[in-house]
Every structure is written in C-alpha cells, then in structure tokens.
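Subject: Structure handover and notes

Hello,

My notes come after it.

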Amino acid sequence: MTRDHEPEVLRYTAFSADPGGGNPAGVVLDAAGLDEERMLTVAAEVGYSESAFLTERTGEGAYTIRYFSPKAEVPFCGHATVATAIALAERDGPGPLEFATAAGRVPVTVVREGGTLRATLTSVVPHVTEIGAADLAEALAALDWPAADLDPALPPRIAYAGARHLVLAAATRERLAGLAYDFARLEALMRRLDLTTLQLVWREGPVVFHVRDPFPVGGVVEDPATGAAAAAFGAYVRELGLVPEAAVLTLHQGTDMGRPGTLTVELRAGEDRVRVSGTGTRIG
C-alpha cells in the first residue's frame, strides 16, 4: 500500500457511548499492505494514544492485529481492541471475534444492548510481581507523590495481562486528581522496567475504583481509558485478595481529562483470565 493508496482510518472511542468520552483509537480494518514504518506513521498522524491495524484475516471472525502509539508498537491495547471489535460489528454484525496479538490470542464478544454495542475482551493469562524499593522510589519521585500519600491497603505491584503496568494506589481522590509529573524521568523508568502505563487508582468502594494512566512511553501525557491496564488491575486485586474470587469491578477513568469513560472488569471463580468490557462508538 503506497501513498497513492492511503489506508482508510476509522476513528472510534472505547469505554463510552459518547464520542466525547472514553478513549479514542484509530482503526484500520485492512492493513495488509502496510509495513511497520507506515503503521507507525499513520498512528502518529492520527495522534491518539493508540491505533489498531488488522493485518490479516485468518478465519471467520479471526484476525491478526497490531497496535501502535505515536512513538512505538505496543504488544496489546485494550481500548483499541474494543474499538476495532465495535467497528467490525458495525460492518459485519455483532458476535464472537478472535484477535491474534503479539501478547497472545484475545477472544472478544460483541453484543447489542438496545441501540449500543458492547464489547468484552478476555485477556491473556495474567501475572503480578513485586517492584523493587529503588524503582518504586524513583516512580514516586517522578510523579512527585510522597510515599505517605499511598494507600497501604493496596500495595504497589507490577501487573501484566498483555502489557506491564505499575499499580500505585492513592490514599485520597485529591491525590489522584493532582497529576503533574516529570515526563522524561517517568518515561526513562518505564522504558527500563518495560512498563506500558502506570495504573494510578483510588478506591471509592469495595468494587468501585477511579483510575488514571500516565503514558509517556507512548508519547502522550495520559491515556483516557486503558483496557489492558484494567485487565492487569483485575489480576492485581484478585492476587492480593482485595475482592472476592468472583467479582465485577467498575473503573471510572478519563474524568480528570474531560473524557469520562467506564470500564467493567469481571473476575470468574476458577479462571485465570480477566474480562474487560465497555461500550464504544464512532467519532464523526
């Protein structure tokens, strides 16, 4: 695919039925002729935190998918997966899909609820690890967060469900709202630890959380709604026994950016994988 044959780039938002809410993503449903350089260029031109590219159809409802931020390829992106699934459902009708990602295979189901489409992705097998004291201190310094502002009931961890995220819990909503960090310093730490975002959280209730996700490695200050981090967070709360074995969590994200969205995280008893669902709609 050359400059004479530009790819059609759709624009969808995920985790909100309002085009002005949630997290926007570029979606290219036919990227078979695009190489890595061109996909990165398209993602940079679109300017969203990520864009998704379907590079191959491998079967009925099955596709190979790649994700690019304006600066680099990422192994998995939840909101762009939801956006792509909803774009396919609008074209082909709701139903089951499967995406082959760099992190593994991700099943997605799209259903219609009234006049709204809702997509549910099932993560790859997640895991949770501790973070070293020096790395934690550096993260807090980059954020300009005193250690005393952390919630001791939700200890720092690195969680993975397709991409790595550092989970840090604020003791107050005010602490979460006050996000003004050293972009270069945090980016350097995240690159060294292979982190995609920081999952900054505040617990409103037993299964209700407010979250924010700095994303300097992607070239943007903050991600408005982060499905991969939501899946990783589901693994985190289960691993630490912070919620029942079977639970449905509600994550509110994007409010502080003026793009409110809602992510639903489902944990099922006896299952390692985490389900993340949300609505979505085309922009423009």
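Predicted model: local features only at pLDDT ≥ 70, side-chain atom pairs only at ≥ 80, totals over all residues.

Residues are numbered from 1 along each chain as its sequence is written, and side-chain values use heavy atoms, with hydrogens and water left out.

Helices (H or I, at least four residues) and strands (E, at least two) are DSSP runs numbered from the N terminus. Two strands are called paired if DSSP finds at least two bridges between them. Buried stands for under 20% relative accessible area, exposed for over 50%, and partly exposed for values in between, with a 1.4 Å probe and protein chains only.

S1 runs antiparallel to S2, with five bridges joining the two, and Thr 13 stands opposite Pro 24 in S2. S1 is also antiparallel to S17 (residues 275–282), here over three bridges. Ala 14 has Gly 280 in S17 as its bridge partner.

The loop between S1 (10–14) and S2 (23–28) contains Phe 15. Most residues other than glycine have a negative phi. Phe 15 has a positive phi of about 75° although it is not a glycine. Its relative accessibility is 2%, so Phe 15 counts as buried.

Five bridges connect S12 to S11 (residues 164–169) in the parallel sense; Ala 169 has Val 201 in S12 as its bridge partner. S12 also pairs with S13, in the antiparallel sense and over five bridges. In that pairing Trp 202 stands opposite His 210 in S13. The two strands, S12 and S13, form a hairpin with two residues between them.

Strand S15 and its neighbours

S13 (residues 208–215) pairs with S15 in the parallel sense over four bridges, and Val 208 stands opposite Thr 250 in S15. S15 and S16 (residues 261–267) run antiparallel and are joined by seven bridges. Gln 253 has Gly 261 in S16 as its bridge partner.

In a regular strand the side chains alternate between the two faces of the sheet.

What is the relative accessible area of Ala 247? The value is 9%, so Ala 247 is buried. Leaving out residues up to four places away in sequence, Ala 247 touches Val 265, Glu 266 and Leu 267, where contact means heavy atoms within 4.5 Å. Ala 247 and Ala 269 are 22 residues apart in sequence and 8.5 Å apart in space, C-alpha to C-alpha.

Helices H3 and H5

The axes of H3 (residues 133–143) and H5 (residues 183–193) come within 9 Å and cross at roughly 150°. Axes are lines fitted to C-alpha atoms, for helices over the stretch in contact, and angles run from 0 to 180 degrees between N-to-C directions. H3 and H5 are therefore roughly antiparallel to each other, a label for angles over 145 degrees.

On the H3 side, Asp 135, Glu 138, Ala 139, Ala 141, Ala 142 and Leu 143 meet Arg 185, Leu 186, Leu 189, Arg 192 and Leu 193 of H5. The residues of this contact divide into seven nonpolar, no polar and four charged. In this scheme Ala, Val, Leu, Ile, Met, Phe, Trp, Tyr, Cys and Pro count as nonpolar, Asp, Glu, Lys and Arg as charged, and the others, Gly among them, as polar.

Two further loop residues

Asp 194 is found in the loop between H5 and S12. Asp 194 has a positive phi of about 55° although it is not a glycine, and at 54% relative accessibility it counts as exposed.

Gly 114 is in the loop between S7 (104–113) and S8 (116–122). With a relative accessible area of 65%, Gly 114 is exposed.

Regards

Conventions
Parallel < 35°, antiparallel > 145°, perpendicular 65-115°, else oblique.
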